[in-house]
Amino acid sequence: MSEKPKINIDELMTLYLDGEATERQRTELKRMILHDPSIGETLKALQRQQRAIRALPVESAPETMIDDIRAELERKLILGDSGQTDETVVGKSHLLARRALTAAAMLLIPLGLLFVVVWEIMKPPQDGDMYISTDRRIAQTNPSETASPPAAASTGLQQELPFNGTLIFKTDEYMTVSRQLDNAIRAKELIAQTHKSGAADVTSFQIKASPKKIAGLLDTLTTVRPRCKEVVLKINGADDTTITINDPQDRQLKMLVYEDNLDMLNRLAVRYASANLKGDTAVAKADDEQTMSDDGYPEMSVPTLAGSYDQMQNATIELTIYIERNYQ
Amino acid sequence: MSFFHKHKNSKSLDDDSLVRQCQHGDPEAMSCLIAKYQDRIYNSILKICSNRDDAAELTQDTFVKVIESIGSFRGQSSFYTWLFRVAVNLTLNHCRRRLKFSPMSLDATHDKQETDTQRLSQVIADSGKNDPVRLAQQKELARVVSDAIGKLQDDYRVILILRDIEQMSYAEIAEVLDIEYGTVKSRLSRARNALRERLEAVLT
C-alpha cells in the first residue's frame with residue numbers, strides 16, 4: 001500500500017521540478033500536498049537541491065585543448081592509428097601506452113625529417129627534357145622494400161598488370177590532404193589492400209588492388225588536386241627506367257592504370273610526359289579520347305586478358321601515393 | 001543567462017554544416033566544433049569524474065574519437081547528443097576502471113561526509129555576516145554538493161548532471177544514455193532522492 005504510491009509521488013515531483021508535468025499531474029500534486037504537508041516539504045528540499053546543483057561553478061576546458069586535440073590527431077595520423085578500434089582503455093595503462101606512443105612519435109619525427117632531406121637530395125630534376133631517367137629512387141624509397149604490402153583481396157587467380165607507379169602530391173595542407181586520402185581509401189574499401197606508413201612530413205599509401213579499384217580511388221581525388229602545389233606521377237617502366245609525368249591528367253592516369261601491355265605503357269607514359277612538359281595537355285587528352293570506349297574504360301592495346309575489363313577483376317597493379325609537406 | 005543557455009541558444013554556428021565540412025576534411029570546421037563544445041564537455045566530465053587532469057584527458061579523447069569517426073556519422077541523432085554519448089561512455093569506463101584499481105573505504109567516506117555536513121550546517125547557521133563570509137559559505141556549499149554528487153552511484157550521478165547542469169531534455173537524456181523515456185523519469189527520481197538523503201542536513 002505504501003511503496004507504489006510513494007514511487008508515483010517521487011516521479012510526480014521529478015516531473016514537476018523539470019517542468020515536464022501535465023496540468024493534470026500538477027493539480028494532482030497540489031492536491032497531495034494539501035492532504036500531506038510532508039510532501040510539500042520534500043518538494044521544497046528538492047527545489048533547493050536543484051538550485052544548489054545549478055549554482056555549481058562552471059569550469060572551462062584548458063586553453064590548450066584545441067591544440068592538444070590537433071596534436072593528438074596529427075600524432076595518430078603519423079602513426080597510422082586511425083581510430084579503427086574501440087577506444088575504451090583509460091587510466092594508468094592508457095597513460096603508459098600514450099607515453100610509449102609519444103616516445104615512438106618523437107623518434108619518428110627526426111627519422112622523417114632525415115627521409116625528407118635524403119629524398120630532396122636524391123630527387124631527379126623535374127624540369128627540362130630529362131623526363132626519362134634511369135635512377136631507381138622510387139624503388140629505393142618504395143615501402144615495398146622494407147615492408148610487405150598486404151595481398152590484394154581477391155579470390156580468383158591474380159594476374160599482374162605492368163603498371164607500377166608512384167603518385168606524389170606536394171601540398172601546403174599536409175594534414176587535410178592526408179586525411180582526405182585516408183577517407184577516400186576507406187570510402188573505396190581499400191583499407192585491406194593498403195599499407196600506410198609515414199613520418200612527420202611524408203605519408204605514403206602503398207596500394208595493391210585491381211585497376212578498377214585504383215581508378216575509382218583516383219576519381220575521388222579531384223578535391224585533393226586543388227590543395228596541391230605539385231602533382232607528379234613516376235612510372236617504373238621497362239629496363240629499370242623511371243618516367244616522370246608532371247601534372248598527370250585524370251584521363252591519362254586512367255589510361256595508364258588500365259594498360260595491360262608493358263611496351264604500350266611505356267610509350268603512353270613517354271607521350272604524356274612529353275605533352276605535359278610542353279604544357280600541351282589538351283593534345284594528350286584529345287589523343288586519349290580516341291582510345292576510350294563507350295563505357296568510359298580505355299581500350300586495351302593488346303588483348304592479353306581477352307579484352308574484357310570484367311576479367312581484370314583478379315588482376316592487380318601497384319600504386320604508391322606520397323603526400324609531402326611543401327616547404328617551398 | 002546560464003552557461004547552458006548561453007551556448008545552446010547560439011545559432012551562429014550550425015552543427016550540421018560544420019559536421020559536413022569536417023567530413024570533407026576542413027580543419028577550420030573541426031576547430032569550430034571543438035571550440036563550441038569543449039567547455040560543456042569538460043565541465044560535465046569534470047562533474048562526473050571529479051578530477052581536472054582526468055577530465056582534460058577524457059575531453060581530449062572524446063573529441064579525438066568523434067573526429068576520427070565523423071566520416072561514419074550519418075546524422076540519425078544530433079551531433080550534440082552523439083558527442084555527449086561518446087563523452088559519457090568514455091567517462092564511465094574511466095570511472096569503473098578507477099574504482100577497480102583504487103577501492104575506497106565506504107566507512108571513511110561516510111564519516112567524512114558527516115563531518116562536512118556538520119561544518120556546513122554550522123556555517124549556514126552563522127549567516128547574516130558580511131560578504132566574505134557569504135562567499136565562503138557559497139564556496140563551502142558548492143564543495144559539499146559536489147562531493148555528495150561525486151559519491152552517488154555512476155548512473156545517478158550522470159543523469160543528474162545531464163539534467164540539472166547540462167539541462168538536457170528527457171528525450172535528449174534518453175538518446176545519450178540509450179534508455180527509455182520512462183527510465184529517465186524513474187532514474188532521475190531515484191537519483192534526486194539519493195542525493196537528498198545525503199544533503200538533508202544541509203538543505204532542510
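**View 1. Buried residues of helix α9 in chain B.** In this predicted model, helix α9 of chain B spans residues 170–177, and its buried residues are B:Ile173, B:Glu175, B:Val176 and B:Leu177. Just after α9(B) comes B:Asp178, a residue whose phi is positive, at about 55 degrees.

**View 2. Packing of helices α2 and α3 in chain B.** Two packed helices are described by the angle between their axes and the distance between the axes. For helix α2 (residues 15–23) of chain B and helix α3 (residues 27–49) of chain B, the angle is about 135 degrees and the axes are 7 Å apart. Because of this angle, α2(B) counts as oblique to α3(B), and the crossing in which α2(B) passes α3(B) is left-handed.

**View 3. Residues in contact between α2(B) and α3(B).** On the side of α2(B), the residues that take part are B:Leu18, B:Gln21 and B:Cys22, and in α3(B) they meet B:Ala29, B:Met30, B:Cys32 and B:Leu33. Sorted by class, this contact of α2(B) with α3(B) consists of six nonpolar residues and one polar residue, with no charged residues.

**View 4. The two faces of strand β3 in chain A.** Strand β3 of chain A runs over residues 194–198, and its covered face carries A:Thr194, A:Lys196 and A:Gly198, whereas A:His195 and A:Ser197 belong to the uncovered face.

**View 5. Pairing of strands β3 and β4 in chain A.** Strand β4 (residues 202–209) of chain A pairs with β3(A) in the antiparallel sense, and five bridges join the two strands. Within this pair, A:Gly198 stands opposite A:Thr203, a residue of β4(A), and A:Gly198 is also one of the residues on the covered face of β3(A).

Technical notes:
Residues are numbered from 1 along each chain as its sequence is written. Chains are lettered from A and ligands numbered from 1 in the order in which they are written. This is a predicted model: local features need pLDDT of at least 70, side-chain atom pairs count only at pLDDT 80 or more; totals for chains, interfaces and linings use all residues. Axes are lines fitted to C-alpha atoms, for helices over the stretch in contact, and angles run from 0 to 180 degrees between N-to-C directions. Helices (H or I, at least four residues) and strands (E, at least two) are DSSP runs, numbered from the N terminus. Angles under 35 degrees count as roughly parallel, over 145 as roughly antiparallel, 65 to 115 as roughly perpendicular and the rest as oblique. A crossing is left-handed if the near helix is turned anticlockwise from the far one by less than a right angle, and right-handed if clockwise. Two residues are in contact if their C-beta atoms, placed from the backbone, lie within 7 Å. Ala, Val, Leu, Ile, Met, Phe, Trp, Tyr, Cys and Pro count as nonpolar, Asp, Glu, Lys and Arg as charged, and the others, Gly among them, as polar. A residue is buried if 20 or more other C-beta atoms lie within 10 Å of its own, exposed if 12 or fewer, and partly exposed in between; C-beta atoms are placed from the backbone. Two strands pair if DSSP finds at least two bridges between them.
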